[in-house]
Amino acid sequence: MKKIGIFGGSFNPIHNGHIALAKAFLKEEKLDEVWFMVSPQNPFKVNQHLLSDHLRLEMVRKALENESQLIVSDYEFHLPRPSYTWLTLQHLKEDYPQDNFTLLVGGDNWAAFDRWYHADDILSNYQIVVFPRRGENESTVNLTQGVHFLNAPLIDISSTEIRRYVQEGRDISAFIPASIQDDALSQMRLWTWTFELM
(Lines give C-alpha, C1' and ligand atoms only; values in the text may rest on other atoms or scores of the structure.)
Protein backbone atom coordinates (compact mmCIF):
# COMPACT_ATOMS: atom_id res chain seq x y z
CA MET A 1 0.00 0.00 0.00
CA LYS A 2 1.28 3.45 -0.92
CA LYS A 3 0.45 6.69 0.85
CA ILE A 4 -0.27 9.22 -1.86
CA GLY A 5 -0.89 12.94 -1.51
CA ILE A 6 -3.23 14.61 -3.97
CA PHE A 7 -2.21 18.16 -4.85
CA GLY A 8 -4.83 19.47 -7.25
CA GLY A 9 -4.74 22.73 -9.13
CA SER A 10 -4.65 24.49 -12.46
CA PHE A 11 -0.87 25.09 -12.21
CA ASN A 12 -1.18 28.09 -14.51
CA PRO A 13 1.80 28.01 -14.53
CA ILE A 14 3.51 25.65 -12.08
CA HIS A 15 6.12 27.52 -10.02
CA ASN A 16 8.82 26.90 -7.43
CA GLY A 17 6.34 27.47 -4.61
CA HIS A 18 4.19 24.56 -5.78
CA ILE A 19 7.20 22.26 -5.79
CA ALA A 20 8.43 23.40 -2.37
CA LEU A 21 4.93 22.92 -0.97
CA ALA A 22 4.68 19.41 -2.43
CA LYS A 23 8.04 18.48 -0.91
CA ALA A 24 6.88 19.72 2.51
CA PHE A 25 3.65 17.72 2.06
CA LEU A 26 5.67 14.63 1.16
CA LYS A 27 7.97 14.96 4.17
CA GLU A 28 5.58 16.12 6.88
CA GLU A 29 2.84 13.60 6.06
CA LYS A 30 5.35 10.78 5.43
CA LEU A 31 3.95 10.09 1.97
CA ASP A 32 5.38 7.84 -0.72
CA GLU A 33 4.36 10.17 -3.55
CA VAL A 34 2.59 13.44 -4.23
CA TRP A 35 0.47 13.54 -7.37
CA PHE A 36 0.10 16.92 -9.07
CA MET A 37 -3.50 16.50 -10.22
CA VAL A 38 -3.73 19.02 -13.06
CA SER A 39 -7.30 20.31 -13.30
CA PRO A 40 -8.80 20.41 -16.78
CA GLN A 41 -10.55 23.49 -18.04
CA ASN A 42 -14.32 23.27 -17.77
CA PRO A 43 -15.62 23.67 -21.36
CA PHE A 44 -18.88 25.14 -20.06
CA LYS A 45 -17.10 27.86 -18.07
CA VAL A 46 -14.21 28.97 -20.22
CA ASN A 47 -11.70 30.66 -17.95
CA GLN A 48 -9.68 33.17 -19.90
CA HIS A 49 -6.92 33.02 -17.30
CA LEU A 50 -6.00 29.41 -18.13
CA LEU A 51 -3.42 28.22 -20.61
CA SER A 52 -4.56 25.12 -22.48
CA ASP A 53 -4.84 21.79 -20.66
CA HIS A 54 -2.06 20.29 -22.77
CA LEU A 55 0.37 23.16 -22.15
CA ARG A 56 -0.19 23.24 -18.39
CA LEU A 57 0.19 19.46 -18.15
CA GLU A 58 3.37 19.45 -20.22
CA MET A 59 4.94 22.23 -18.15
CA VAL A 60 4.22 20.32 -14.93
CA ARG A 61 5.70 17.17 -16.49
CA LYS A 62 8.91 18.99 -17.46
CA ALA A 63 9.18 20.77 -14.11
CA LEU A 64 8.97 17.45 -12.22
CA GLU A 65 11.07 15.26 -14.51
CA ASN A 66 13.88 14.94 -11.94
CA GLU A 67 11.59 14.56 -8.90
CA SER A 68 10.95 10.84 -8.51
CA GLN A 69 8.33 11.21 -5.76
CA LEU A 70 6.44 14.10 -7.37
CA ILE A 71 4.19 12.75 -10.10
CA VAL A 72 2.26 14.66 -12.76
CA SER A 73 -1.23 13.29 -13.31
CA ASP A 74 -3.78 13.87 -16.06
CA TYR A 75 -6.25 11.59 -14.26
CA GLU A 76 -9.03 14.19 -14.17
CA PHE A 77 -8.69 14.76 -17.92
CA HIS A 78 -10.30 11.35 -18.42
CA LEU A 79 -13.25 11.84 -16.05
CA PRO A 80 -16.65 13.38 -16.77
CA ARG A 81 -16.77 17.18 -16.51
CA PRO A 82 -16.98 19.06 -14.28
CA SER A 83 -14.55 16.99 -12.20
CA TYR A 84 -15.69 17.26 -8.60
CA THR A 85 -13.07 16.24 -6.04
CA TRP A 86 -15.41 13.69 -4.45
CA LEU A 87 -15.93 11.94 -7.78
CA THR A 88 -12.20 12.00 -8.51
CA LEU A 89 -11.51 10.39 -5.13
CA GLN A 90 -14.17 7.75 -5.77
CA HIS A 91 -12.61 6.85 -9.11
CA LEU A 92 -9.16 6.72 -7.52
CA LYS A 93 -10.48 4.37 -4.87
CA GLU A 94 -11.78 2.05 -7.60
CA ASP A 95 -8.62 2.19 -9.70
CA TYR A 96 -6.13 2.08 -6.81
CA PRO A 97 -7.92 0.16 -4.02
CA GLN A 98 -4.65 -0.74 -2.31
CA ASP A 99 -3.51 2.88 -1.86
CA ASN A 100 -4.31 5.53 0.71
CA PHE A 101 -4.99 9.10 -0.44
CA THR A 102 -4.51 12.37 1.47
CA LEU A 103 -5.89 15.62 0.09
CA LEU A 104 -3.93 18.90 0.17
CA VAL A 105 -6.21 21.95 0.17
CA GLY A 106 -5.33 25.65 0.10
CA GLY A 107 -6.61 27.92 2.82
CA ASP A 108 -8.83 29.78 0.35
CA ASN A 109 -10.46 26.54 -0.78
CA TRP A 110 -10.82 25.34 2.80
CA ALA A 111 -12.76 28.53 3.63
CA ALA A 112 -15.36 27.43 1.05
CA PHE A 113 -15.07 23.71 1.71
CA ASP A 114 -18.57 23.40 3.17
CA ARG A 115 -19.90 24.24 -0.30
CA TRP A 116 -17.91 21.49 -2.03
CA TYR A 117 -19.78 18.61 -3.60
CA HIS A 118 -20.09 15.84 -0.94
CA ALA A 119 -17.93 17.82 1.49
CA ASP A 120 -19.04 15.72 4.48
CA ASP A 121 -18.23 12.49 2.65
CA ILE A 122 -14.74 13.74 1.83
CA LEU A 123 -14.18 14.68 5.47
CA SER A 124 -15.45 11.31 6.66
CA ASN A 125 -13.36 9.22 4.30
CA TYR A 126 -10.13 11.10 3.60
CA GLN A 127 -7.44 12.91 5.51
CA ILE A 128 -7.23 16.60 4.63
CA VAL A 129 -4.21 18.82 5.10
CA VAL A 130 -4.56 22.59 4.68
CA PHE A 131 -1.76 24.89 3.57
CA PRO A 132 -2.24 28.47 4.76
CA ARG A 133 -2.20 31.51 2.55
CA ARG A 134 -0.94 34.98 3.43
CA GLY A 135 -2.29 36.19 6.75
CA GLU A 136 -3.64 32.79 7.77
CA ASN A 137 -2.67 30.65 10.75
CA GLU A 138 -4.27 28.14 13.06
CA SER A 139 -5.84 30.88 15.16
CA THR A 140 -7.51 32.58 12.17
CA VAL A 141 -8.76 29.52 10.30
CA ASN A 142 -11.46 27.21 11.64
CA LEU A 143 -10.25 23.65 11.15
CA THR A 144 -12.63 20.72 11.54
CA GLN A 145 -11.58 17.88 13.80
CA GLY A 146 -9.20 15.58 11.93
CA VAL A 147 -8.05 18.35 9.57
CA HIS A 148 -4.72 20.04 10.25
CA PHE A 149 -2.35 22.62 8.86
CA LEU A 150 0.67 21.57 6.88
CA ASN A 151 3.83 22.39 8.78
CA ALA A 152 5.58 24.26 5.99
CA PRO A 153 7.01 27.73 5.44
CA LEU A 154 4.65 30.17 3.76
CA ILE A 155 5.27 30.13 0.02
CA ASP A 156 4.85 33.74 -1.03
CA ILE A 157 4.51 33.12 -4.78
CA SER A 158 1.32 32.93 -6.82
CA SER A 159 0.59 32.03 -10.43
CA THR A 160 -1.54 35.18 -10.66
CA GLU A 161 1.44 37.36 -9.75
CA ILE A 162 3.67 35.53 -12.21
CA ARG A 163 1.16 36.17 -15.02
CA ARG A 164 1.05 39.83 -14.01
CA TYR A 165 4.85 40.00 -14.09
CA VAL A 166 4.79 38.62 -17.65
CA GLN A 167 2.22 41.22 -18.67
CA GLU A 168 4.45 43.93 -17.22
CA GLY A 169 7.58 42.54 -18.89
CA ARG A 170 9.26 41.75 -15.56
CA ASP A 171 11.71 38.93 -14.84
CA ILE A 172 10.10 35.67 -13.61
CA SER A 173 13.23 33.50 -13.51
CA ALA A 174 13.30 33.43 -9.69
CA PHE A 175 9.81 31.92 -9.55
CA ILE A 176 9.77 29.29 -12.31
CA PRO A 177 11.76 26.02 -12.55
CA ALA A 178 14.66 26.46 -14.98
CA SER A 179 13.44 23.53 -17.11
CA ILE A 180 10.26 25.38 -18.12
CA GLN A 181 11.25 29.04 -18.03
CA ASP A 182 11.39 29.47 -21.80
CA ASP A 183 8.14 27.55 -22.35
CA ALA A 184 6.27 29.36 -19.59
CA LEU A 185 7.41 32.79 -20.71
CA SER A 186 6.65 32.27 -24.40
CA GLN A 187 3.24 30.72 -23.77
CA MET A 188 2.16 33.36 -21.28
CA ARG A 189 3.32 36.14 -23.56
CA LEU A 190 1.27 34.62 -26.37
CA TRP A 191 -1.71 34.24 -24.00
CA THR A 192 -1.41 37.89 -22.91
CA TRP A 193 -1.15 39.11 -26.52
CA THR A 194 -4.16 37.02 -27.59
CA PHE A 195 -6.46 38.43 -24.91
CA GLU A 196 -5.31 41.98 -25.49
CA LEU A 197 -6.80 41.59 -28.99
CA MET A 198 -10.18 40.38 -27.71
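1. Which residue in β5 does Leu104 stand opposite? Leu104 stands opposite Val129 of β5. Val129, for its part, stands opposite His148 in β6.

2. Basis of the note. The model is predicted: local features need pLDDT of at least 70, side-chain atom pairs count only at pLDDT 80 or more, and totals for chains, interfaces and linings use all residues. Residues are numbered from 1 along each chain as its sequence is written, and side-chain values use heavy atoms, with hydrogens and water left out.

3. Overall composition. The protein chain contains 7 helices and 6 strands, where helices (H or I, at least four residues) and strands (E, at least two) are DSSP runs numbered from the N terminus. In sequence order the pattern is β-α-β-α-β-α-β-α-α-β-β-α-α. Of the 198 residues in the protein chain, 42% are buried; buried means under 20% relative accessible area, exposed over 50%, and partly exposed in between, with a 1.4 Å probe and protein chains only. Among contacts (heavy atoms within 4.5 Å) with a separation of 6 or more in the protein chain, 68% join residues 24 or more positions apart.

4. The sheet. The parallel pair β2 and β3 has 4 bridges, and Trp35 has Ile71 in β3 as its bridge partner.

5. Strand β5 and its partners. β4 and β5 pair in the parallel sense over 5 bridges, whereas 2 bridges join β5 to β6, also running parallel. Of the 5 residues in β5, 4 are buried.

6. Nonpolar cores. A nonpolar core is a set of buried Ala, Val, Leu, Ile, Met, Phe, Trp, Tyr and Cys residues joined through side-chain atoms within 4.5 Å. The largest core has 33 residues, and Phe7, Ile14, Val34, Phe36, Leu104 and Leu150 touch the most other members. Elements that each supply at least two residues of this core include α1 (16-28), β2 (33-38) and α7 (181-196); α1 gives the most, with 6 residues. A second, separate core of 22 residues includes Met37, Trp86, Leu143 and Phe149.

7. Phe7 and His15. Leaving aside neighbours within four places in sequence, Phe7 is in contact with His18, Leu21, Ala22, Val34, Trp35, Phe36, Met37, Leu104 and Phe131. His15 is placed in the loop between β1 and α1 and counts as buried because its relative accessibility is 3%. Among the residues that His15 touches, not counting those up to four places away in sequence, are Ile157, Ile162, Phe175 and Pro177.

Definitions and conventions:
Two strands pair if DSSP finds at least two bridges between them.
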